[in-house]
Amino acid sequence: MYMSQNPLEDWVQRVTSASQTFVAQNDSHGWLLKQSIYTHFPRLATLLAMPWFQTLSGSVLDVGAGTGALSLDLAWRAGGNGHVTAVDRDAEALEIACALAERVGVKIATLPGEATALPVADASQDTIVARFVFQHLPEPLAALREMRRVARPGGRIAIFDVDDEVTISEPPEPECVVKLHEAIRVLQSQRGGNRLMGRELYRLMREAGLTNVQVIVIPRVRLGLQNGRSAEAEAYQIERLLREREALIDSGLMTAGEFEAAVVATHRGFSEDRFDMAAEFVATGYVPAA
């Protein structure tokens with residue numbers, strides 16, 4: 001197997017290889033593992049833009065860790081200087097995270113638990129992170145206050161999330177695709193989530209009593225076809241949409257015909273030389289020192 005001389009590329013290759021091994025073996029979590037694979041470079045690009053990630057150490061808690069995509073990156077960066085614990089309500093996902101960590105040669109601990117009832121002691125964590133979790137939480141402020149409870153005085157809390165309205169497409173997306181995205185936002189809202197979470201992170205951190213709050217917006221840009229196409233990544237994007245098909249139709253947010261038209265248009269868009277931009281919000285705050 002080709003081994004890159006670049007430590008970052010080598011790390012991505014290791015995680016990809018390990019994750020692909022588990023995709024076929026885990027029907028219920030295969031889509032999440034695929035997401036970890038296809039979004040690894042953007043995820044690392046965001047982390048590497050954070051000064052605190054460069055010197056990560058101490059106790060690190062990953063809230064809503066799933067199959068451990070972020071936990072692995074945190075453990076890789078911290079090396080022997082940190083101890084990473086992954087928390088999630090899904091015990092099977094945590095088992096996969098442990099197995100992946102062993103495959104790629106990093107150490108993580110796992111604990112089953114909820115974001116609003118973290119299974120760790122008060123003031124015990126140096127850094128607490130949650131990536132793409134708050135958009136799913138009915139009570140994000142309660143979760144943030146719980147994160148503050150377990151952070152040490154002077155400890156850091158970092159929330160990564162999206163805001164679906166911070167987007168640009170040129171030429172504009174077809175109306176059927178716009179309607180699909182809006183229907184997905186409404187469906188998530190009906191489930192207690194919020195696809196516009198990014199704009200709320202500053203307020204939530206201030207209400208939770210954090211200090212030195214900063215919010216960084218990192219663009220995610222697709223520049224036409226100049227970087228080539230990936231059939232696997234495109235298939236995954238369609239798979240993500242199809243997972244919501246029944247819920248969207250059963251809720252009356254879309255008809256079957258509207259959904260199929262949007263999927264066809266999305267698939268057609270992969271071959272178009274167009275400009276698309278979305279954004280990831282990263283909010284960082286600190287627990288006041290004692």
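Let me start with contacts, meaning heavy atoms within 4.5 Å. Among contacts in the protein between residues at least 6 apart in sequence, 81% join residues at least 24 apart. Before I go on, a word on the source: this is a predicted model, where local features need pLDDT of at least 70, side-chain atom pairs count only at pLDDT 80 or more, and totals for chains, interfaces and linings use all residues. Residues are numbered from 1 along each chain as its sequence is written, and side-chain values use heavy atoms, with hydrogens and water left out.

On to the overall build. The protein has twelve helices and eight strands; these are DSSP runs, with helices being H or I of at least four residues and strands E of at least two, numbered from the N terminus. Its radius of gyration is 19 Å, close to the 19 Å from the globule rule for 290 residues, so the protein is as compact as a globular protein of that length. That radius is taken over C-alpha atoms, and the rule is 2.2 Å times the number of residues to the power 0.38. Along the principal axes, the C-alpha atoms fill a box of roughly 55 × 50 × 30 Å.

Now, the inside. Of the 290 residues, 47% count as buried, where buried is under 20% relative accessible area, exposed over 50% and partly exposed in between, with a 1.4 Å probe and protein chains only. A nonpolar core here is a set of buried Ala, Val, Leu, Ile, Met, Phe, Trp, Tyr and Cys residues joined through side-chain atoms within 4.5 Å. The largest one has 34 residues, and those with the most contacts inside it are Trp11, Trp52, Leu72, Leu74 and Val106. Elements giving two or more residues to this core include α1 (7–23), α5 (69–78) and β5 (151–162). There is also a second, separate core of 30 residues, with Ala130, Leu144, Leu201 and Val287 among them. Back to Leu74: leaving aside neighbours within four places in sequence, Leu74 touches Phe53, Leu56, Val60, Asp62, Val84 and Val129.

Finally, some backbone geometry for you. Most residues other than glycine have a negative phi, and most peptide bonds are trans. Phe132, in the loop between β4 (125–131) and α7 (140–150), has a positive phi of about 55°, and Phe132 is partly exposed at 25% relative accessibility. Asn212 has a phi near 50°; Asn212 belongs to strand β7 (residues 211–223) and is exposed, at 59%. And the peptide bond from Glu170 to Pro171 is cis, with omega near 5°; Pro171 lies in the loop between β6 (168–170) and α8 (175–190).
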